[in-house]
Amino acid sequence: MAPAVTSLTEASNGHETEVASIKRLAGSAALSSVPSEYTYTKNPNEQGDANDPEHSIPTIDFALLTSGSPDQRAKVIEELGRACEEWGFFQVTNHGVPERLMKSMINACHRFFDLPEEEKKEFQTKNLLDPIRCGTSANVAIEKVRLWRDFLKVIAHPEFNSLYKPAGYSEVSLEYSKRTREVATEILKGISESLGLEADYIAKAMNWDRGLQILAANYYPACPQPDKAIGIPPHTDHGLVTLLIQNEMGGLEVKHKDQWVLVNAAPGAFIVNIGDQIQILTNDKYKSIWHRAVVNNKATRISIAVPHGPSLDTPALPIPELLEREGQAPKYIGMTYEKFMELQASPAALTKPCLEHLRI
């Protein structure tokens, strides 16, 4: 996920100028090239390779993690730890969330983005933790290049929020947020155990029962010059674990061994990545990995990322038991999750990565 503050206006000589949604811009019959304010230059030395089997994200079988024999579970937990240490990304299969529910969630979000611009305006806001927010790009007031995406972010936990339009969104999002949180809870237990801790260690330390969950939908329309624009630039996620699904169009790239790798997930799988709070807790053993969203010239891509974090008032600190075992000093100072999210959405995050602001 990108830095989370947005507005559909930006300051210009003391006045505010409306910034059109990317859906409206891309739908213009006159658009044949990327406007200058959206022109993004990628490093030509960092090209992706989706077909190399050595550059395919690991697969975690959720059924074996939760219902397997003790030996099977131990093996999956070992695989999970290796995936966190070597990749920071993995796909989760056999998770029990119906594929029809996943598709219904994507369709519900697509219907929201298809609403007339006027109907979406009531949800446009500048406040980071407003329960429902939609907008375009990421933070048009401070960013140098606008992003080729519109977004919708809805806080689903600790209090469930939802939209009253489009029809059916509320019911689908309630079920989807519950089911993804159940999967995330089991993944977090597995991560705890992969570190040699009790299964509920991280959940208790991070006040998971009051933890933040956001349904973040991204809309990336077809782009006439995809090599000259970006959906979301390289970033890391601020939370503990993020679960992502997408429609039939790919576009997620992960940085692995200094190469950008296009992620090809199995049908019905969740793409999961660990976030900055896990990197702090593990004192850099498990790293929050840089990733980005690229665009295409064929069709609209919709992704739904569901980041799960600590409670807003909880600071992450390196886990004492791990420090003692490894004979390490802590590498990070503490900061509440709310303050960390505010940091990620601030101009300070443009100068250096958020974790570096906390590094001792």
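## Second largest pocket

Helix H4 is the top contributor to the lining of the second largest pocket, giving 6 residues. The model is a predicted one. The pocket holds about 420 Å³ of space. Its lining counts 21 residues. Nearest the centre lie Ile106, Gln246, Asn247, Glu248 and Gly268.

Two or more lining residues come from each of helix H4 (99-113) and strand S9 (241-246). By class, the lining has 11 nonpolar, 7 polar and 3 charged residues.

## The sheet

Eight strands form an open sheet with mixed pairing. Their order is S3-S4-S12-S9-S14-S7-S6-S5. Strands S3 (59-61) and S5 (132-136) are the edges, each pairing on one side only. From one strand to the next, the twist averages 25 degrees.

Strand S4 (residues 89-93) runs antiparallel to strand S12 (residues 270-274), and 4 bridges join them. Phe89 faces Asn273 of S12.

## Helices on the sheet

H3 packs on the sheet and touches S3, S4 and S12. The direction of H3 makes about 155 degrees with that of S3.

H4 also packs on the sheet. H4 touches S5, S6 (150-157), S7 (213-220), S9, S12 and S14 (301-308). Its direction makes about 65 degrees with that of S7.

## H3 against H6

Helix H3 (residues 70-86) packs against helix H6 (residues 169-194) at about 85 degrees, with the axes 9 Å apart. H3 is therefore roughly perpendicular to H6. H3 makes the contact through Arg73, Ile77, Leu80, Gly81 and Cys84. H6 brings Ile187, Gly190, Ile191, Glu193 and Ser194. The contact residues of H3 with H6 comprise 5 nonpolar, 3 polar and 2 charged.

Terms used:
Residues numbered from 1 in each chain as written. Predicted model: local features only at pLDDT ≥ 70, side-chain atom pairs only at ≥ 80, totals over all residues. Heavy atoms only, no water. 1 Å grid on protein atoms, 1.4 Å probe; cavity = no way out; pocket = protein on both sides within 12 Å on 5 of 7 lines; lining within 4 Å. Points joined across faces, edges and corners; volume = space filled by probe spheres on them. Nonpolar A, V, L, I, M, F, W, Y, C, P; charged D, E, K, R; others polar. Axes fitted to C-alpha atoms, helices over the stretch in contact; angles between N-to-C directions. Parallel < 35°, antiparallel > 145°, perpendicular 65-115°, else oblique. Contact = heavy atoms within 4.5 Å. Pairing = 2+ DSSP bridges.
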